[in-house]
Amino acid sequence: MSGKLHITEIGRIAVPAADQDRALEFYVDTLGFELRSDETFADGKMRWIEVVPADGATALAIAPPMEGGPTAVDTGIVISTTDIEADHAALKAAGVDVDEEIAHWGDPVPPMFRLRDPAGNSLTIAEPQR
């Protein structure tokens, strides 16, 4: 079957946000992501927003929650950093809801901590061992 498919990448991951403006501000102003797309559709009733880490390929689509669906999820998203200690301290100082401490489980698991965006979606930041 795989020889018949045309899959090329993980292009975007949808994250629910009832308040898209607040989520956009968090991902751009707090996490430093770049705005890739912010378009209205359905006669202006809906909005499609994509943000991406600088030089990143996979985008986060900040989308309204599906009708009857969850308003916050454990995204399973792991964002890479080159300085876990500095990022943890900076996010904590900025008032972001982060884990109290960085988890250090040892090889092969990289040091990591979780954070929650304003909607309550959880993401992980990890410093991959190179």
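Modeller: Gladly, and please keep in mind that this is a predicted model.

Colleague: In what sense do β2 and β3 pair, and over how many bridges?

Modeller: Strand β2 and strand β3, which covers residues 46–52, run in the antiparallel sense and pair over 7 bridges.

Colleague: What order do the strands of the open sheet take?

Modeller: The order is β1-β4-β3-β2, with 4 strands in an open sheet whose pairing is mixed. Because β1 (12–16) and β2 (34–41) each have a single partner strand, they stand at the edges, and one side of each is left without a neighbour in the sheet. From one strand to the next, the twist averages 20 degrees.

Colleague: And which helix packs on the sheet?

Modeller: That is helix α1, residues 20–30, which touches β1, β2, β3 and β4 (59–63), and whose direction makes about 10 degrees with that of β3.

Colleague: Changing topic, how many aromatic pairs does a search of the whole structure find?

Modeller: The search finds 2 aromatic pairs. In one of them, the ring centres of Phe-26 and Tyr-27 are 5.2 Å apart and the planes are at 85 degrees, so this pair is edge-to-face. Tyr-27 also forms a tilted pair with Phe-33, at 5.8 Å centre to centre and with 50 degrees between the planes.

Colleague: Is Phe-33 buried or exposed?

Modeller: Phe-33 counts as buried because its relative accessibility is 7%, under the 20% cut-off. Tyr-27 is buried as well, with a relative accessible area of 1%, and Phe-26 is also buried.

Technical notes:
Residues are numbered from 1 along each chain as its sequence is written. This is a predicted model: local features need pLDDT of at least 70, side-chain atom pairs count only at pLDDT 80 or more; totals for chains, interfaces and linings use all residues. Side-chain values use heavy atoms; hydrogens and water are left out. Two strands pair if DSSP finds at least two bridges between them. Helices (H or I, at least four residues) and strands (E, at least two) are DSSP runs, numbered from the N terminus. Axes are lines fitted to C-alpha atoms, for helices over the stretch in contact, and angles run from 0 to 180 degrees between N-to-C directions. Contact means heavy atoms within 4.5 Å. Rings of Phe, Tyr and Trp (its six-membered ring) pair if their centres lie within 6.5 Å; planes under 30 degrees apart count as stacked, over 60 as edge-to-face and the rest as tilted. Buried means under 20% relative accessible area, exposed over 50%, partly exposed in between (1.4 Å probe, protein chains only).
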